[in-house]
Amino acid sequence: MKVYVGNLSADTTQPQLTDLVTPFGHPDSVTIATDKHSGASRGFAFVEFANDDAARAAIAGLDGKEVNGKALRVNESHPKPAQHRLP
């Protein structure tokens, strides 16, 4: 299951986020979204767990938790809806 972690401080690093989620289960991947030009954090990340129970535990345990001065928003990630292009 893929988990969305929003409202990340720009100071939050990938190792810090990995350490935050690991008590709930070993993540398959932890990816902080960055701006393609500046490399700065965009304020959100995705964490993938092979085990859905671990993902749900991380959501329950981390949603609203304050990290680096900001309260995290954590929930199940859903794919972006397809964007329709006009012909």
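**Where is Asn7 found?** Asn7 lies in the loop that links strand E1 (2-6) to helix H1 (14-21), and we will return to it below. This is a predicted model, in which local features need pLDDT of at least 70, side-chain atom pairs count only at pLDDT 80 or more, and totals for chains, interfaces and linings use all residues. Residues are numbered from 1 along each chain as its sequence is written, and side-chain values use heavy atoms, with hydrogens and water left out.

**View 1. The whole protein has 2 helices and 6 strands.** Helices (H or I, at least four residues) and strands (E, at least two) are DSSP runs, numbered from the N terminus. The C-alpha atoms fill a box of roughly 50 × 30 × 20 Å along the principal axes. Of the 87 residues, 33% count as buried; buried means under 20% relative accessible area, exposed over 50%, and partly exposed in between, with a 1.4 Å probe and protein chains only.

**View 2. Tyr4, Phe44 and Phe46 form one aromatic cluster.** A search of the whole structure finds 3 aromatic pairs. In one of them, the ring centres of Phe44 and Phe46 are 5.8 Å apart and the planes stand at 85 degrees, so this pair is edge-to-face. Rings of Phe, Tyr and Trp (its six-membered ring) pair if their centres lie within 6.5 Å; planes under 30 degrees apart count as stacked, over 60 as edge-to-face and the rest as tilted. Phe44 counts as buried because its relative accessibility is 18%, whereas Phe46, at 27%, is partly exposed.

**View 3. The charged end of Lys2 sits over the ring of Phe46.** Its distance from the ring centre is 5.2 Å. A charge sits over a ring if NZ of Lys or CZ of Arg is within 6 Å of the ring centre and within 35 degrees of the ring normal.

**View 4. Asn7 has a positive phi although it is not a glycine.** Most residues other than glycine have a negative phi. For Asn7 the angle is about 65 degrees. With 23% relative accessibility, Asn7 is partly exposed.

**View 5. Asn68, also not a glycine, has a positive phi of about 50 degrees.** Look for Asn68 in the loop between strand E4 (66-67) and strand E5 (70-71). Its relative accessible area of 39% makes Asn68 partly exposed.
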